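Please look over the structure below. The report that follows covers charged pairs, a surface patch and model confidence.

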Amino acid sequence: MKKLDPKSKEAKRLKMQIGLRKYYIRQINLDAQKESLDMRIAQLQSVPSTDLNKFFLHSLDEQRELIQLRKLPRYRLIQNPKLMQRFNVLRARYMDVNKVPINLVTTKSVLARKKQLAAEIAMIQSNTDDPSISLVIPNPNSDYRIMNATAYYKNLEDILDAKLQIHKNNQAYQNDLARRNELNRPLFADLKKKYEFAQNSELIDTELEHQLTYINNNQKKYQKNSKHQGIINNNLSRLLGQINQDGRKRVLALRKHLNDEDDIEREDRELEREEIYER
């Protein structure tokens, strides 16, 4: 193509061939995605129908609908405003957090995607004993299961927030490359770490284990040093119970309920910096 005159018949012919190849590859990839969704739907349909089950079946049905819309030629969508509107709604709702280009991330699409993510994790946390739970959590083989799922979902939200902020920086500092790079550099570094967590559930488990170990190791210390041992016992038991139940680590609550000793404040601040999924 580079060697040819762009206006020549040969260049036009090659351009058409490349376009057709891209189209067919795209169709094949969409068919593969649909096949994967069909398998998940069949699995969910094979277990008892529950609120959790129905919620995720509806979600998968919408994703399958989105694939069908993606397979349509672009002009078909443009010619049908209602179809185009439905396509845009589903595209934002089920946006691939890891793959969506930064220049396509908008405040509206991020809000739509985060709303769907919040609904999914809320259903998971509210139905931990559901027969379908292993079919809908992102890492069913994780030792921490619901905790892992909570951290995984929060990580996706963080990726969206980082991409949106980078996009805003790119728009605000189009003519100031130095300032733009200064603001975006730490965001890109954070994105790289978030991508690693999204692709490897073991990294999430390792971080969860580290934080749970911290709490357990300090339980005796707080009990021994405080004059309010009974209160601390109750608070720590409640705190650990919350962690084991739904993965929401409320370590910073120690600051409100325990002693105001300097070492507790310092350790709380350290935990705050280490936090990977505190909401």
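## Salt bridges

In this predicted model, the count of salt bridges comes to twelve. Side chains of opposite charge can pair when their charged atoms come close.

One of the pairs is Asp-61 with Arg-64, where the closest N and O atoms are 3.1 Å apart. Both residues lie in helix α2 (residues 51–71), three residues apart, or about one turn of the helix. Asp-61 is partly exposed, with a relative accessible area of 35%, and Arg-64 is partly exposed at 28%.

## A link between helices α2 and α4

Arg-93 forms a salt bridge with Glu-62, and the closest N and O atoms are 2.9 Å apart. Because Arg-93 lies in helix α4 (residues 81–93) and Glu-62 in helix α2, this pair ties together parts that are 31 residues apart in sequence. Arg-93 is partly exposed, with a relative accessible area of 24%. Glu-62 has a relative accessible area of 7% and is therefore buried, the cut-off being under 20%.

## A link between helices α7 and α8

Asp-158 and Lys-194 meet through their side chains in a salt bridge of 3.4 Å, N to O. Asp-158 belongs to helix α7 and Lys-194 to helix α8 (residues 177–199), so the pair ties together parts that are 36 residues apart in sequence. Asp-158 counts as buried at 15% relative accessibility, and Lys-194 is buried at 12%.

Salt bridges with shared partners also join Lys-34, Asp-38, Asp-61 and Arg-64 into one network.

Lys-194 is in contact with Asn-155 as well. Asn-155 lies in helix α7 (residues 146–172) and is buried, with a relative accessible area of 5%. Leaving aside neighbours within four places in sequence, the contacts of Asn-155 also include Phe-197 and Ala-198.

## Nonpolar surface patch

Met-16, Leu-20, Tyr-23 and Tyr-24 make a nonpolar surface patch of about 450 Å². Leu-20 is found in helix α1 (residues 9–45). Its relative accessibility is 44%, so Leu-20 counts as partly exposed.

## Confidence of the model

The protein chain has a mean pLDDT of 82, and 78% of its residues reach 70 or more. Over residues 243–279, pLDDT stays under 50. For residues 243–279 the model has 85 contacts beyond four places in sequence. Where pLDDT is low, the predicted coordinates should not be read in detail.

Technical notes:
Residues are numbered from 1 along each chain as its sequence is written. This is a predicted model: local features need pLDDT of at least 70, side-chain atom pairs count only at pLDDT 80 or more; totals for chains, interfaces and linings use all residues. Side-chain values use heavy atoms; hydrogens and water are left out. Patches are made of residues with over 30% relative accessible area and no salt bridge: like charges are joined within 9 Å, nonpolar side chains (Val, Leu, Ile, Met, Phe, Trp, Tyr) within 5 Å. Accessible areas come from the Shrake-Rupley method with a 1.4 Å probe; for residues, only the protein chains shown count as cover. A salt bridge is a side-chain nitrogen of Lys or Arg within 4 Å of a carboxyl oxygen of Asp or Glu. Helices (H or I, at least four residues) and strands (E, at least two) are DSSP runs, numbered from the N terminus. Buried means under 20% relative accessible area, exposed over 50%, partly exposed in between (1.4 Å probe, protein chains only). pLDDT is the predictor's confidence in each residue, from 0 to 100. Contact means heavy atoms within 4.5 Å.
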